[in-house]
Amino acid sequence: MVGPLSDIRVLETGTLLAGPFAGQLLGDFGAEVIKLEDPGKGDPMREWGREKPHGQSLWWPVVARNKKSVTCNLRTPAGQDLVRRLVASADVLVENFRPGTLERWGLGYEELSAINPRLVLVRVTGYGQTGPYAPRAGFGSIGEAMGGIRHVTGEPDRPSSRVGVSLGDALAGTMAAYGAVMAVHARTRTGRGQVVDSAIYEAVLTYMESLLPEWVVAGYQRERTGAILPNVAPSNAYPTADGIDILIAGNRDTVFARLCEVMGRPGLAGDPRYATHGARGAHQQELDDLIAAWTATLPAEEILALLHAAGVPAGKIYRPADMLDDPHFVARKSIVDVPHPDFGALPMQAPAPRLSDTPGEIRWAGPALGQHNAEVYGGLLGLSADDLDKLRADGVV
């Protein structure tokens, strides 16, 4: 199967998650992603994760899927020369070092674009390439806090919380991949590449809806509200008779009317306290209490069957076991098994979004360190086995 980015070659020099997530997204849709790793231990993601069967990370096979691993010591002149030679035939270079690092290595955009004017340089950092904070070390959690999402996440009577995944890194990586594709498209008109500057805090800020104008225009500061959004009701998690919380989103007028019918209380839809979006928001807590009193009398599956039949958005709060057993996940192949030499069939999320003619594909799981040295350095750069042996002896690869 030929992916939509199968004619794109990407060099990935980033580590950990933000830059490599951009490479994962590009690789999912066919780009040839050549990941350059330190010859010693490689990307630290090879060691990350709580569970390590066979002494190996379960994170690595996902974030490094579809990538070719070559070793390259970027801190050495010989390693830097290898990058320059690879750049000559590359379309995109992804990096997430601190600003100025590539320049210190003689690999800044001015030098690389002189080698290949069509190169797109994607730079992912905590604070961006410019501004007073640019030199600071920036991880995803700090970007989440600065971008605003940390303050509004969690329960109102507790300190701010984080989402249980590396959200800031993933959002910055998504924006980086998005920027890379846009820059490659722009290149078809201009003939030249450009720099894509993806900052974690700005990627998070992009998703903060109307938070800023609410403060400036209305003097309203969003706060932590737990499982609800203030004045959007009903939309919450509700208890059931068998102890399973379910989500019900009935905040639109017509949907709320259908929910009331299912509850056996059609009159609520015409009650002035609940008849409009604004009225339901003003009486959010009492409305949630009414719905919770009903849901607590029935088991989850029975309630969900009633709500789905009536066209009311509702669902369980999924955990991994729920995803693997769910017929909708199965029908759409949302989770795919990828062969792995140690783990066997390794389940992971399928590429998204779905393209009808050129869909994404997972061709292989995260590779072994330096697995593709011979293929890339020999086949692409024409280095001999003796050349590689010398580079290896010198600590370059």
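Guide: In this predicted model, let us begin with Val 10, which, leaving aside its neighbours within four places in sequence, is in contact with Leu 26, Ala 31, Glu 32, Val 33, Ile 34, Val 92 and Val 94.

Visitor: Which residues touch the most other members in the largest nonpolar core?

Guide: That core has 31 residues, and those touching the most other members are Ile 8, Val 10, Leu 26, Ala 31, Val 92, Val 120 and Val 122. Two or more residues each are given to this core by helix 1 (18-28), strand 4 (92-95), strand 5 (120-125), helix 7 (167-190) and helix 8 (200-206), and helix 7 provides the largest share, eight residues.

Visitor: Why does Thr 240 count as buried?

Guide: Its relative accessibility is 7%, and buried means under 20%, so Thr 240 counts as buried. Thr 240 is found in the loop between strand 7 (235-238) and strand 8 (246-249).

Visitor: What makes the pairing of the side chains of Thr 240 and Asp 242 a polar contact?

Guide: The distance is 2.7 Å, and the cut-off for such a pair of N or O atoms is within 3.5 Å, so the two side chains make a polar contact. A polar atom of the Thr 240 side chain also lies 2.6 Å from the backbone oxygen of Ile 244.

Note on methods:
Residues numbered from 1 in each chain as written. Predicted model: local features only at pLDDT ≥ 70, side-chain atom pairs only at ≥ 80, totals over all residues. Heavy atoms only, no water. Helix = DSSP H or I, 4+ residues; strand = E, 2+ residues; numbered from the N terminus. Buried < 20%, exposed > 50% of the residue type's maximum accessible area, 1.4 Å probe, protein only. Polar contact = N/O pair within 3.5 Å; in protein donor to acceptor, adjacent residues only side chain to side chain. Core = buried A, V, L, I, M, F, W, Y, C linked by side-chain atoms within 4.5 Å. Contact = heavy atoms within 4.5 Å.
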